[in-house]
Amino acid sequence: MSQTTAEKIPAVIVRPAEPDDAERGLLKVLDQISATGVAELSPERARTLIAEMAARGVEHVWVAVRDGRVVGAATLIVERKLIHGGGRAGRIEDVVVDQRLRQRGIGRLLIERLCELAAELGCYKIVLCCDASNMGFYERCGFRPHEVGMRKDLPRS
């Protein structure tokens, strides 16, 4: 990381999410991703989900914390593949930094840590889908355009 980037980052700790982060601002930060449905999630339910996700060891929610408050978050999902000799692939989702602290290197810290974690977990690749307006950010983090993403929304039961 360059000296310029390091100087822009406020005193932030990047670590795995803990159940108490639901009350430390995680839900408010996630609510800044458009159309997330986070408002439907109670802090109690969020605490349970964070604990369940951590216990499964497949979904890795990480947070950026500043002065005891969550100011950013990102998730790494690791899946086994029947190709690549049963290798693992990582997928990054739900990357967000509090809108008041963007463009200070916090998002880059989250992405770098998730990439390190994916390598530690034996992933042979990491993929992500993003809005076209965010492509420059991810390219600066070392990602490149690849394939085309598609989506189908399913009815909620």
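## Basis of the assignments

Buried denotes a relative accessible area under 20%, exposed over 50%, and partly exposed in between, computed with a 1.4 Å probe on protein chains only. The model is predicted: local features need pLDDT of at least 70, side-chain atom pairs count only at pLDDT 80 or more, and totals for chains, interfaces and linings use all residues. Residues are numbered from 1 along each chain as its sequence is written, and side-chain values use heavy atoms, with hydrogens and water left out.

## Salt bridges

A salt bridge requires a side-chain nitrogen of Lys or Arg within 4 Å of a carboxyl oxygen of Asp or Glu; the count is 15. One of them pairs Asp21 with Arg24 at 2.9 Å, N to O. Asp21 is buried at 0% relative accessibility, whereas Arg24 is partly exposed at 26%.

In helix α4 (residues 106–120), Arg108 and Glu112 lie four residues apart, about one turn of the helix; helices are DSSP runs of H or I with at least four residues, numbered from the N terminus. The closest N and O atoms of this salt bridge are 3.8 Å apart. Arg113 and Glu116, three residues apart, also both lie in helix α4. Salt bridges with shared partners join Arg15, Glu18, Asp20, Asp21, Glu23, Arg24 and Arg47 into one network.

Val71 belongs to strand β3 (residues 69–80), strands being DSSP runs of E with at least two residues. Val71 is buried, with 8% relative accessibility. Beyond neighbours within four places in sequence, its contacts (heavy atoms within 4.5 Å) include Val29, Val97, Leu101 and Ile106. The C-alpha atoms of Val71 and Asp98 are separated by 5.2 Å, although these residues are 27 apart along the chain.
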